[in-house]
Amino acid sequence: MLGGLYQKINFMKVFIVCSASSFTSGPGRARALLFADKNANLAPARKAMTTKAIPIKTLSFDELKEKLVAMGLKAYRTGQIFAWIYHQHAVSFNEMTNIARAERELLAAVFAITAPTVLLVERSSDGTRKFLFGLDDGHTVESVLIPDEDRQTLCISSQVGCRQACRFCLTAQSGFIRNLKASEISDQVLEVSRVLRREGSRDITNIVLMGMGEPLANFIELTRALRTITSDKGLGISPRRVTVSTSGLVPEIGKLGALGLRVNLAVSLNASTDEVRDRIMPVNKRYPIRELLAACRRFPLEPRRRITFEYVLLKRVNDSPEDALRLVKLLRGINCKVNLIPFNPFPGSEFQRPDDGVVRRFQQVLLDHHYTAPVRESRGRDISAACGQLRERATIALP
Ligand code: SAH
């Protein structure tokens with residue numbers, strides 16, 4: 001629909017799909033394919049955990065090393081086990097052939113290699129794939145894979161549901177259920193990567209935390225997961241290719257910067273005045289725009305890196321040229337770019353998507369002031385609506 005507006009800028013073009021791509025009425029609806037990915041359901045890896053077994057992926061490298069040494073194993077086994085799990089995608093200790101059989105049996109008695117199950121995969125005609133993961137307590141989360149010429153971006157979730165209550169977001173409507181554990185966050189990457197390797201496709205190159213949930217509201221587990229995702233011993237994705245998106249939790253933005261993880265920061269600004277932002281994003285009452293932007297100014301940026309501001313365009317709410325001008329003033333002095341996201345409606349949503357001309361006019365103001373300001377058109381419009389829709393449908397579809 002907005003194809004002409006879609007700009008190809010070589011940075012993540014994914015979040016819109018995770019958060020709000022509209023599939024319900026999308027043009028390619030008939031071609032959408034919904035299926036249970038039986039192959040992706042790797043039964044041997046999903047053996048029921050014995051009551052005492054420690055889910056090994058919940059342990060950091062150092063924590064595992066400590067446990068192995070306490071069990072009388074050599075510390076260097078830690079590196080071997082990590083390589084088997086995160087590089088070779090091993091699903092059982094039996095596969096770890098450079099470890100003596102007796103030790104493998106000991107490991108299997110103490111630890112379990114568990115993972116979320118791929119319950120459903122939806123494929124879009126444009127190559128986007130949406131994965132629905134079943135967690136061990138029966139809850140589900142989504143990840144979205146967006147292939148592109150030069151990258152393969154995975155958008156992952158950080159919580160089941162969300163507490164932020166943004167009025168334009170479908171995930172908000174289901175409320176908050178629980179935080180994901182670190183391993184449940186990083187396992188989304190590992191499991192999709194496993195599927196890609198099996199089919200001989202290009203591996204994941206970029207990660208964005210723009211799926212379900214507010215990543216910074218799950219700070220400890222998020223940062224543990226980020227270490228697994230970015231460390232060479234773990235999934236080995238460069239932090240330059242990982243982006244954490246937040247609705248604007250000011251203290252946690254500071255904490256994330258101070259940790260020195262070197263991941264990218266994206267901030268969902270979505271308004272140019274506190275009055276409007278208060279209305280559409282309740283978090284603004286706690287951390288108003290001034291404080292949020294001050295935190296962004298303090299966020300440590302490496303050379304040639306920028307903060308991304310996301311701006312969901314809502315018809316007649318925040319889409320006027322005056323809004324755009326105010327935005328320009330607000331962002332002055334911040335090394336940033338702005339991603340413009342025309343609202344993706346979902347059933348029952350109170351907002352509308354602005355007309356193309358309005359979107360272009362808004363964008364032009366930013367371009368005139370020398371901002372990079374791509375319009376992020378949704379990909380995979382034919383497979384599901386806002387983040388959470390696959391989950392909702394699956395609740396109905398699955399036994
Ligand atoms: N909680 C985090 C990450 C999840 S939302 C955050 O707020 O950044 C990811 C992005 O999707 C945010 O920029 C949000 O503003 C946007 N978004 C949510 N619902 C949307 C919708 N219906 N249409 C367009 N963008 C939406």
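This is a predicted model: local features need pLDDT of at least 70, side-chain atom pairs count only at pLDDT 80 or more; totals for chains, interfaces and linings use all residues.
**Exercise 1. Get an overview of the fold: how many helices and strands does the protein have, and what share of its residues is buried?**

Solution. Start with the secondary structure, which comes to 14 helices and 14 strands. Next, take burial: of the 399 residues in the protein, 58% are buried. Finally, turn to contacts with a separation of 6 or more; 71% of these join residues 24 or more positions apart.

**Exercise 2. Work out how helix α12 is oriented against helix α13, and which residues make the contact.**

Solution. First locate the helices: α12 covers residues 321-331 and α13 covers residues 356-368. Their axes lie 9 Å apart, at an angle of about 25°. Angles under 35 degrees count as roughly parallel, so α12 is roughly parallel to α13. The crossing of the two is right-handed. Now list the contact: α12 supplies P321, D323, A324, L325, L327 and V328, while α13 supplies R361, F362, V365 and L366. Sorted by class, that gives eight nonpolar residues, two charged and no polar ones.

**Exercise 3. Explore the nonpolar cores: which residues touch the most other members of the largest one?**

Solution. The largest nonpolar core has 99 residues, and L256, F309 and L331 are the ones touching the most other members. Helix α6 (residues 182-198) gives the most to this core, with seven residues. Then pick L256 and leave aside its neighbours within four places in sequence: its contacts include L216, F219, L261 and F299. Lastly, look for a second, separate core; it has six residues, among them V144, I146, C155 and M210.

Notes. Residues are numbered from 1 along each chain as its sequence is written. Side-chain values use heavy atoms; hydrogens and water are left out. Axes are lines fitted to C-alpha atoms, for helices over the stretch in contact, and angles run from 0 to 180 degrees between N-to-C directions. Helices (H or I, at least four residues) and strands (E, at least two) are DSSP runs, numbered from the N terminus. Angles under 35 degrees count as roughly parallel, over 145 as roughly antiparallel, 65 to 115 as roughly perpendicular and the rest as oblique. A crossing is left-handed if the near helix is turned anticlockwise from the far one by less than a right angle, and right-handed if clockwise. Contact means heavy atoms within 4.5 Å. Ala, Val, Leu, Ile, Met, Phe, Trp, Tyr, Cys and Pro count as nonpolar, Asp, Glu, Lys and Arg as charged, and the others, Gly among them, as polar. A nonpolar core is a set of buried Ala, Val, Leu, Ile, Met, Phe, Trp, Tyr and Cys residues joined through side-chain atoms within 4.5 Å. Buried means under 20% relative accessible area, exposed over 50%, partly exposed in between (1.4 Å probe, protein chains only).
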